[in-house]
Amino acid sequence: VFITYENVDLIPHYLRFIRGVVDAEDLSLNISRETLQQNPVIEKIKNSITKRVINALKKKKESDVEEYKKFWENFGAVLKEGLCEPNNLQEDILDTCLFYSAKKDKLIDLKEYVEGMKKDQKHIYYISGEDVSKLKNSPQIEGLLANDVDVLLFNDSVDDFWVNVVNKYKDTEIKSATRDDVDITSKEEAA
């Protein structure tokens, strides 16, 4: 039985680029749009779809990076909106994210950034703005780059928001390179 074409919250807003049909046996036939929104089966379907999409994105990123970069250029900013929402998938979403590296001059993920960190480096550094080329040439990151410390260039408007919600990746703090307590020698930072 076809129930509705729109207005069912089957996927979170940050996955709004997904289109498809959901076939479910467990929905009650005595259902309205209002009760459909609060149905526990719908919540299970939503959680399952969300996890599957994020896992599929992770697999795609690992198996075909160049093709994933094309996807990322189109939908990366939308996907990062999920980092701002209260959910338990923030680390999984971070694993799907790509960021422009000032040092490597290409898109990388946070795992690659952490693997390339200096031994005494304790933070993932970023700078945010609108234009990657301007950010890369910013005098605020010259000291870090001169000391072989990479800086991620956040150029999407959503980056300013999610970084206030999610300030860690695994055990490494994500920190703005423009803060006044950043030690450009990448050793101990001021308290």
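D148 is partly exposed, with 42% of relative accessible area; here buried means under 20%, exposed over 50% and partly exposed in between, using a 1.4 Å probe and protein chains only. The side chain of D148 meets that of K103 in a salt bridge, with 3.1 Å from N to O. A salt bridge here is a side-chain nitrogen of Lys or Arg within 4 Å of a carboxyl oxygen of Asp or Glu. K103 is also partly exposed, at 35% relative accessibility. K103 sits in the loop between strand 1 (99-101) and strand 2 (106-108), and D148 in the loop between helix 7 (142-146) and strand 4, so the pair ties together parts that are 45 residues apart in sequence. Helices (H or I, at least four residues) and strands (E, at least two) are DSSP runs, numbered from the N terminus.

Before going on, a word about what you are looking at. This is a predicted model, in which local features need pLDDT of at least 70 and side-chain atom pairs count only at pLDDT 80 or more, while totals for chains, interfaces and linings use all residues. Residues are numbered from 1 along each chain as its sequence is written, and side-chain values use heavy atoms, with hydrogens and water left out.

Let us stay with the charged residues. Side chains of opposite charge can pair when their charged atoms come close. How many salt bridges does a search of the whole structure find? There are 12. One of them joins K80 and D159, whose closest N and O atoms are 2.8 Å apart. This pair links distant parts of the chain, with K80 in helix 3 and D159 in helix 8 (residues 159-165), 79 residues apart. Are K80 and D159 buried or exposed? Both are buried.

Now find K70, which forms a salt bridge with E67, the closest N and O atoms being 3.8 Å apart. Because K70 and E67 are three residues apart in helix 3 (residues 65-80), about one helical turn separates them. K70 is exposed, with a relative accessible area of 52%, whereas E67 counts as partly exposed at 36%. Turning back to K80, salt bridges that share partners join K80, D156 and D159 into one network.

D95, in helix 4 (residues 90-96), tells another story. D95 is buried yet has no salt bridge. Which side chain of opposite charge is nearest to D95? That is K58, 4.0 Å away; Lys and Arg count as positive and Asp and Glu as negative, while His and the chain ends are not counted. The side chain of D95 does have a polar contact of 2.8 Å with the side chain of Y169. A polar contact is a pair of N or O atoms within 3.5 Å; within protein, one must be able to donate a hydrogen and the other to accept it, and residues adjacent in sequence count only if both atoms are side-chain atoms. Not counting residues up to four places away in sequence, D95 touches K58, K61, Y169 and K170, where contact means heavy atoms within 4.5 Å.

Next, look for the nonpolar residues. In soluble globular proteins, nonpolar side chains tend to be buried together. The largest nonpolar core here has 49 residues, and those with the most contacts inside it include L79, Y113, V151 and W162. Such a core is a set of buried Ala, Val, Leu, Ile, Met, Phe, Trp, Tyr and Cys residues joined through side-chain atoms within 4.5 Å. Its largest share, six residues, comes from helix 2 (residues 40-63). Leaving aside neighbours within four places in sequence, W162 is in contact with K80, L83, C84, L94, F99, F154 and I174.

F154 brings us to the aromatic rings. A search of the whole structure finds nine aromatic pairs. Rings of Phe, Tyr and Trp (its six-membered ring) pair if their centres lie within 6.5 Å; planes under 30 degrees apart count as stacked, over 60 as edge-to-face and the rest as tilted. Y126 and F154 form a stacked pair, at 4.7 Å centre to centre with 10° between the planes. Y126 lies in strand 3 (residues 123-128) and F154 in strand 4 (residues 152-154), 28 residues apart, so to speak a link between distant parts of the chain. Both Y126 and F154 are buried. Elsewhere to look, F17, Y68, F71, W72 and F75 form one aromatic cluster.
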